[in-house]
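Please consult the sequence and the structure shown below.

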Amino acid sequence: MSGRVIALSSTETHCPYCALQCGMTVDGSQDDIGVRPRDFPANGGGLCQKGWTAAAVLTTPGRLTTPLVRTDPARGLEPTGWDPALDFVAARLAAIRAEHGPGAIGVLGGGGLTNEKVYLLGKLARVALRTPHVDYNGRFCMSAAAAATIRAFGADRGLPFPLTDLAAADAVLLVGANVAVTMPPFVQHLRRASDAGGLMVVDPRRSATARQAGVHLQPRPGTDLALALGLLHVAVVEGYADESYVRDRTSGFEQAWRVAARWWPERAERVTGVSAADQRLVVRLLAQASNAYVLTARGTEQHSNGTAMVSAWVNLALALGLPGVAGSGYGTITGQGNGQGGREHGQKADQLPGYRKIDDPAGRRHVASVWGVAEEDLPGRGRSAYEILDAAGRPGGVRALLVFGTNPVVSAPGAGQVADRLAALDLLVVADFVRSETAGIAHAVLPVTQWAEETGTMTNLEGRVLLRRQALDPPEGVRSDLDVIHGLAVRLGQAPGHYPTDVEAAFDELARASAGGPADYSGMSHQRLRDGDSLYWPCPGPDHPGTPRMFLDGFLHADGRARFAAVDHVEPPEVPDARFPLWATTGRLLQHYQTGTQTRRVAELADAEPEVYVEVHPDTAARFGLADDCPARVTSARGSTSARVRFEPTMRLDTVFLPFHFPDAQRANLVTNPALDPTSHIPGFKACAVRLDPEPAR
């Protein structure tokens, strides 16, 4: 840690974790670094346990401060200098590209990277490396909601209204969202609805959020779409649909209704387990509320038909006349810190900066002109994240992979097979602040800065662009991701000025590249953000105030109308049987975040939840000969994980739950199903078939 300079004054910044991007202040002295909440609209002066302990991550043991390179497999990773490390990586990339073509190289980014990093990472892939295969870990999180909302509204901004609007809601339907655990400060915005009995939660578990709800719908995993169809049927047949809104502001209702007409609530009850009476209650509460919202999250999105599932909930919101109406709406709750900005500016396989489609000729011409390249030289659409990982090291797959800000050895479905594929690569390069599980099998590991050690912009779950300010210098030997991208690009023959290391210069170029796109940042600048402007995209000019509320004057399709989608329920590709008789679903814990790379290194958080567990109904456990707190094996067709049994009497008898933050033999994703949604290519994390067994004695 030599050479580290601690901030001697307070710095107003934002939390390193979820998409709320809670406002916090970092206070420093030579002896101590601490954080405290500040009054910011998203968090209202509150922080969760992760936020309160965020400073501990900055001084975590095991922090990498020198590059590591594996030149001899028998000797493992060894320390080296920055120039030798970057020379090694660039030479290997150039050799692999020369021998196998640019499509043999892949790039995998993350939803925690700043907008500036996201932008230049996509540019590095498409211009310096000339590969189409660039994607990010948000493919595992937000891609189904993104695809569904683009289809419905013409744009994807998670919450197309300020989060604080929810505080005036009389009724809120949360589908697959456990915000009381994943982002606790969010809950304050639901207080009015909760106090009025208008908070409704759809979740197979009786989660912490469901316990605060007036109505909890507990469907069988994988049946959310059938439930949404039942609710739409009730809305139409029982006279709750807003007919004038449907007529004047939407299209495609008739096709969607032909499907929903067959899903009377009693039929939906047989499939989902949710009573017809509760279905009618939910629709009545939404329809009779003065201000109502439908919000979806990972629980209904991470399915092999996730896009259709989200579309079904959008259909319900449209039938009730909620989207694009002041005081009501539909939104999807982004999870990762920059999960919104991370899917807007070019690190997705199907997208260019400004949320342009990769195959849009006008968008390609504009971005090519900003980048100073010929339009025809820009690659087309590449493989999605799981497809990159699954084909790695195979014929026709990537042979080299650059990984920034993600840990797929823990986070990917079928994680055991993914680790095998990564180990088969000719070159795996990981940029991280510690030796993550993915870094442990890499050929090169590049130590990069953390959240409080750099300045950059983030876009939170409501489309608000924030300036996360640097509070302290990084340890000696650590570089920013922008430095790494620049160093590689220059070594691959790019002009140094085309990959700026100055964060404001990078943002200004991003703003130019986004101009005219759906996510238009061209009117934004670091200076406006420093001056305190609250800027929501689109913001198409320096005098534009930003757009806190989208769609009030029309949706972003050419005709200004929102589109219903004709979607129907299908069973998950894998259902319980005699060999694997239970459903398994996964999710987050209060104390941990994503793969735990940060939070498992904070003693307070690790002590609170030190290991994976399997949440199971006591009667279900008894069927499998398991007692509370005993070790068990959870096994699917893909693999098994070790977990300690935790009794939960409110669990469905046919379902178990696993948190996904833990490494090695405790990885929940050793059992999850990598079956992909055909539209968004999101994997089906939330429904797979498993069995329980006592852990064999060792």
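A disulfide is a pair of cysteine sulfur atoms within 2.5 Å. By this rule, the count is zero disulfides. The model is predicted, so local features need pLDDT of at least 70 and side-chain atom pairs count only at pLDDT 80 or more, whereas totals for chains, interfaces and linings use all residues. Residues are numbered from 1 along each chain as its sequence is written, and side-chain values use heavy atoms, with hydrogens and water left out.

**Cysteines**
- Cys22 is in no disulfide, and the nearest cysteine sulfur, that of Cys18, is 5.6 Å away.
- Cys22 has 6% relative accessibility and counts as buried (buried means under 20% relative accessible area, exposed over 50%, partly exposed in between, with a 1.4 Å probe and protein chains only).
- For Cys688, the closest cysteine sulfur is in Cys141, 17 Å away, which is too far for a bond.
- Cys688 also counts as buried, at 1% relative accessibility.

**Largest pocket**
- A pocket is an open set of points on a 1 Å grid over the protein atoms alone, where a 1.4 Å probe fits, with protein on both sides within 12 Å along at least five of seven lines; lining residues have an atom within 4 Å of a point.
- About 650 Å³ of space lies in the largest pocket, the volume being the space filled by probe spheres set on the points.
- The lining of the largest pocket has 29 residues, of which Ile150, Asp350, Tyr355, Arg356 and Lys357 are the closest to the centre.
- Helix H5 (143-153), strand S15 (356-357) and helix H15 (361-371) each supply at least two lining residues (helices are DSSP runs of H or I with at least four residues, strands runs of E with at least two, numbered from the N terminus).
- H5 gives the most to this lining, with five residues.

**Helix H3**
- Helix H3 (residues 82-100) has 19 residues and reaches 27 Å from its first C-alpha to its last, close to the 27 Å expected (1.5 Å times one less than the number of residues).
- Its buried residues are Trp82, Ala85, Leu86, Val89, Ala90, Leu93, Ile96 and Arg97.
- These residues cover an arc of only 130° around the axis, which puts them on the same side of H3; the arc is that of the directions from the helix axis to the C-beta atoms.
- The face of H3 turned away from the buried side carries the exposed residues Ala98 and Glu99.

**Helix H4**
- In H4 (residues 115-128), 14 of 14 residues are buried.
- Just after H4, Arg130 takes a positive phi of about 65°.
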